[in-house]
Amino acid sequence: MRIARLLLAAMVLFAVGVFIANTNMLAPDMDGSPTLLAHRGVAQTYPYDGLDSETCTATRIRAPEHDLLENTIPSMRAAFAAGADVVELDIHPTTDGAFAVFHDWTLDCRTDGHGVTREKTLADLKRLDIGYGYTADGGKTFPFRGLGAGLMPSLDEVLAAFPGKRLLINVKSRDAEEGRRLAARLAKLAPEARALLSVYGDDEPIDVLRAALPDVRTMGRRSLRRCVLSYLAVGWSGYVPDDCRHTMLLVPSNYAWALWGWPGRFMQRMQKVGSEVYLLGPYEPGRPFTTGIDTAVDVAQLPTGYAGGIWTNRIQVIAPLVAGRAAR
């Protein structure tokens, strides 16, 4: 009987200790304001219902609200002007040793070109009209044809256009050689310039880049899963697993509650180990991707005092809402 009471007391003390270590009731308020990340800059938007990884999203855009196209320098410039702290962009290697900034693995969806993006020279890609395939009415009209001619930038052009700005680079392949090529390019930058960059993608290129340039914050898909699972197992103690250090975490808003210490304690722990956290929109099983914080409803559901990262596809809409929320 005495042993049972001792065990019960130990369990209660353990539970109290876990509560104290992770409750936000005893945590200091988060400092600063949210970090806003503009996914692909200012871009055309589209409904997400029925999408899969093969869907050509350019053929189902909503009625255009502006004339900007994703992954272009004008789009990125508009995103920073709208209030973005970070702009995300996608890259592909070219056959002549450069990196083109473009989302799709192939050219047929958005452009007047054909074939695999990485099998072209940069000069070939720059001749394309990247607005050619966009339509909001099932192909009756194509409002951006001609407007996207020559707008596909190189990574070098983006880096030159935005000195001192934070960029998130998405490697679109599983090619380790691409990681080596990107590491060689980024190694030419000054350390203070590299400090503004983060890179994410599949683990094969990301592992190579991380080994070559440990000062660049990186996130691989498997390492993100390992981080989350390890943290769920031991995060109650306040310990941050190695896979969660000096990286970037993307957290669906409908699963964030499961992270020990969310939001304040969790954010503080990640900040101490050099990691950044970006809150996404809700994850839905079966969907091959997650939306961003893209609506007024999404913003209203942010935790009180939230000062972490926000991933959005509509920076021009979300930035004023976040600023207004912080001013209240």
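**Note on the pockets, rings and disulfides of a predicted model**

1. Start with the second largest pocket. Its lining divides into six nonpolar, six polar and three charged residues. Here Ala, Val, Leu, Ile, Met, Phe, Trp, Tyr, Cys and Pro count as nonpolar, Asp, Glu, Lys and Arg as charged, and the others, Gly among them, as polar. The second largest pocket has a volume of about 330 Å³. Of its 15 lining residues, D31, M267, Q271, A307 and G308 are the closest to its centre. Helix 9 gives the most to this lining, with four residues. Helix 9 and strand 8 each supply at least two.

2. Some ground rules. This is a predicted model, in which local features need pLDDT of at least 70 and side-chain atom pairs count only at pLDDT 80 or more, while totals for chains, interfaces and linings use all residues. Residues are numbered from 1 along each chain as its sequence is written, and side-chain values use heavy atoms, with hydrogens and water left out. Helices (H or I, at least four residues) and strands (E, at least two) are DSSP runs, numbered from the N terminus.

3. On the search for space: a 1 Å grid is laid over the protein atoms alone; a cavity is a set of points where a 1.4 Å probe fits but cannot get out, a pocket is an open set with protein on both sides within 12 Å along at least five of seven lines, and lining residues have an atom within 4 Å of a point. Grid points are joined across faces, edges and corners, and a volume is the space filled by probe spheres set on the points.

4. The whole structure has three cavities of 30 Å³ or more. The largest cavity holds about 50 Å³ of space. Strand 4 (166–171), strand 5 (197–201) and strand 8 (276–280) each give two or more residues to its lining. Strand 4 has the largest share, three residues. The lining of the largest cavity includes R166, R217 and E276. By class it has eight nonpolar, one polar and three charged residues.

5. Which residues form one aromatic cluster? Y231, W262, F266 and Y306 do. Rings of Phe, Tyr and Trp (its six-membered ring) pair if their centres lie within 6.5 Å; planes under 30 degrees apart count as stacked, over 60 as edge-to-face and the rest as tilted. The structure holds eight aromatic pairs. The rings of W262 and F266 are a tilted pair, because their planes stand at 50 degrees, with centres 5.9 Å apart. W262 and Y306 are tilted too, at 40 degrees and 6.0 Å. That pair links distant parts of the chain, 44 residues apart. Y306 is buried (under 20% relative accessible area; exposed is over 50%, partly exposed in between; 1.4 Å probe, protein chains only), with a value of 3%. W262 is buried at 15%.

6. How many disulfides does the search find? There are two, a disulfide being a pair of cysteine sulfur atoms within 2.5 Å. C56 and C109 form one, sulfur atoms 2.0 Å apart. Its S-S torsion is about 80 degrees, so the disulfide is right-handed. C56 and C109 are 53 residues apart. C227 and C244 form another. This link is right-handed, with 110 degrees about the S-S bond. C227 lies in helix 8 (residues 221–234) and C244 in the loop between helix 8 and strand 7. C227 is buried at 2% relative accessible area, and C244 is buried at 0%.
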